[in-house]
Amino acid sequence: MNLKINPILKKNQIKPIMKRDTMVEDKLVDRLEQKRDKQRIKKKRKKEERMATGGVFDKYTTENINKLRVKGIIKEFVGIISAGKEANVYFAIGEEDKPLAVKIYKIDPQNTKWMKNYIIGDPRFKKIGNSTHKIIYTWSKKEFKNLKQLHRHNIPVPEPIFCVNNIVLMEYIGEKNGSPAPRLKDVNPLPEPVKIFLKVIQYIEDMYLIANLVHGDLSEYNILYWNDEPIIIDVSQAVSTYHVNAPVFLKRDLINVFNFFGDYLNEKTIGTVDTLYSKIMKAYHNK
Ligand SMILES: Nc1ncnc2c1ncn2[C@@H]1O[C@H](COP(=O)(O)OP(=O)(O)OP(=O)(O)O)[C@@H](O)[C@H]1O
Ligand SMILES: [Mg+2]
């Protein structure tokens with residue numbers, strides 16, 4: 001069998017194919033390089049994120065964070081502010097370089113049982129489902145809604161920015177370098193305690209009578225101190241005043257606040273839990 005290729009055919013047919021091949025190859029190499037670059041950037045980002053977040057996210061949370069990144073809602077994760085039992089809070093940079101607090105709830109079935117007590121009975125949340133995911137997502141939505149409701153009624157809380165599944169984005173309160181505002185508990189000694197006490201009491205009353213919410217976990221741990229003002233945080237468990245336990249939560253909040261300020265002030269200056277509780281309840285029923 002003669003396998004010799006005709007030289008003319010070689011000249012006319014093989015060479016042009018070779019030329020096209022080089023162009024295609026160049027393009028392919030370019031594309032491959034671009035792909036590798038993208039992968040390198042993605043890997044670097046993931047590494048930075050892991051370093052900033054402690055690498056604790058489950059698959060769904062990672063996907064949601066990526067979506068927020070793609071949309072430009074989160075530009076950069078800077079670091080962790082707080083690691084708690086139910087949630088971690090991160091310092092991040094958002095749109096227009098706005099500093100953000102990103103609260104990410106853990107998808108942990110251990111938390112859902114007690115959370116249900118603060119969801120069921122709140123008329124704003126009727127269908128919550130039974131899966132851990134659904135309950136935690138409702139919980140995050142609840143914090144976001146509560147922030148909106150309080151912010152709308154001028155109660156000083158971080159401004160709510162965005163919420164998706166188990167992630168709540170809000171205004172970050174603190175130094176631009178990432179040091180968050182201290183909690184009331186950490187301010188020692190507290191300057192102008194009477195002024196701060198009166199403000200906090202006024203906010204509890206306004207929450208109940210104007211915003212129709214009760215915090216339910218108010219204490220020196222959930223009040224930040226920033227620019228000489230108290231800022232209320234951690235409002236996920238706050239319930240509507242229609243909730244059957246709202247009066248109990250109100251009393252508990254008052255007791256916590258009175259206990260904290262009791263170290264600074266005497267009973268004459270601050271009055272008593274019972275008188276204030278009765279005053280708020282009376283005003284509520286006369287509304
Ligand atoms: N918007 C914010 N700006 C700055 N720091 C914040 C903000 N929100 C929360 N933090 C910080 O994160 C900490 C935990 O937040 P938060 O109280 O909302 O969560 P938590 O679920 O109660 O967490 P923990 O279990 O640690 O109490 C706060 O004590 C505060 O230091
Ligand atoms: Mg807290």
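**Notebook: salt bridges and a helix pair**

I started with Arg183 and found its side chain in a salt bridge with that of Asp186, at 2.9 Å from N to O. The model is a predicted one, and I read every entry below with that in mind. I looked up the accessibility of both partners. Asp186 has 40% relative accessibility and so counts as partly exposed. Arg183, at 30%, also falls in the partly exposed class.

Next I took Lys199. The side chain of Lys199 meets that of Glu229 in a salt bridge, 2.7 Å from N to O. I placed the two residues: Lys199 is in helix α5 and Glu229 in strand β8 (residues 229–232), so this pair ties together parts 30 residues apart in sequence. Glu229 counts as partly exposed, with 27% relative accessibility. For Lys199 I noted 25%, which is again partly exposed.

I then went to Lys98, which forms a salt bridge with Glu159; their closest N and O atoms are 3.8 Å apart. Both residues are in loops, Lys98 between β2 (87–94) and β3 (99–105), Glu159 between α4 (132–152) and β4 (160–164), so the bridge ties together parts separated by 61 residues in sequence. I logged Lys98 as partly exposed at 32% relative accessibility. Glu159 is partly exposed too, at 30%.

How many salt bridges are there by this rule? I counted eleven. I also noted a network of salt bridges that links Lys103, Glu143 and Asp234.

Glu192 lies in the loop between β5 (167–171) and α5. I checked Glu192 against Asp228: the two are 36 residues apart in sequence, and their C-alpha atoms are 8.7 Å apart in space.

Last I looked at how α5 packs. The axes of α5 (residues 193–209) and α8 (residues 273–285) come within 10 Å and cross at roughly 25 degrees. Angles under 35 degrees count as roughly parallel, and I therefore recorded α5 and α8 as roughly parallel to each other. The crossing of the two helices is right-handed.

Which residues of α5 and α8 meet? From α5 I listed Ile201, Ile204, Glu205, Tyr208 and Leu209; from α8, Leu276, Lys279, Ile280, Met281, Ala283 and Tyr284. Sorted by class, this contact has nine nonpolar residues, two charged and no polar ones.

Terms used:
Residues numbered from 1 in each chain as written. Chains lettered and ligands numbered in written order. Predicted model: local features only at pLDDT ≥ 70, side-chain atom pairs only at ≥ 80, totals over all residues. Heavy atoms only, no water. Axes fitted to C-alpha atoms, helices over the stretch in contact; angles between N-to-C directions. Helix = DSSP H or I, 4+ residues; strand = E, 2+ residues; numbered from the N terminus. Parallel < 35°, antiparallel > 145°, perpendicular 65-115°, else oblique. Left-handed = near helix turned anticlockwise from the far one by under 90°. Contact = heavy atoms within 4.5 Å. Nonpolar A, V, L, I, M, F, W, Y, C, P; charged D, E, K, R; others polar. Salt bridge = Lys/Arg side-chain N within 4 Å of Asp/Glu carboxyl O. Buried < 20%, exposed > 50% of the residue type's maximum accessible area, 1.4 Å probe, protein only.
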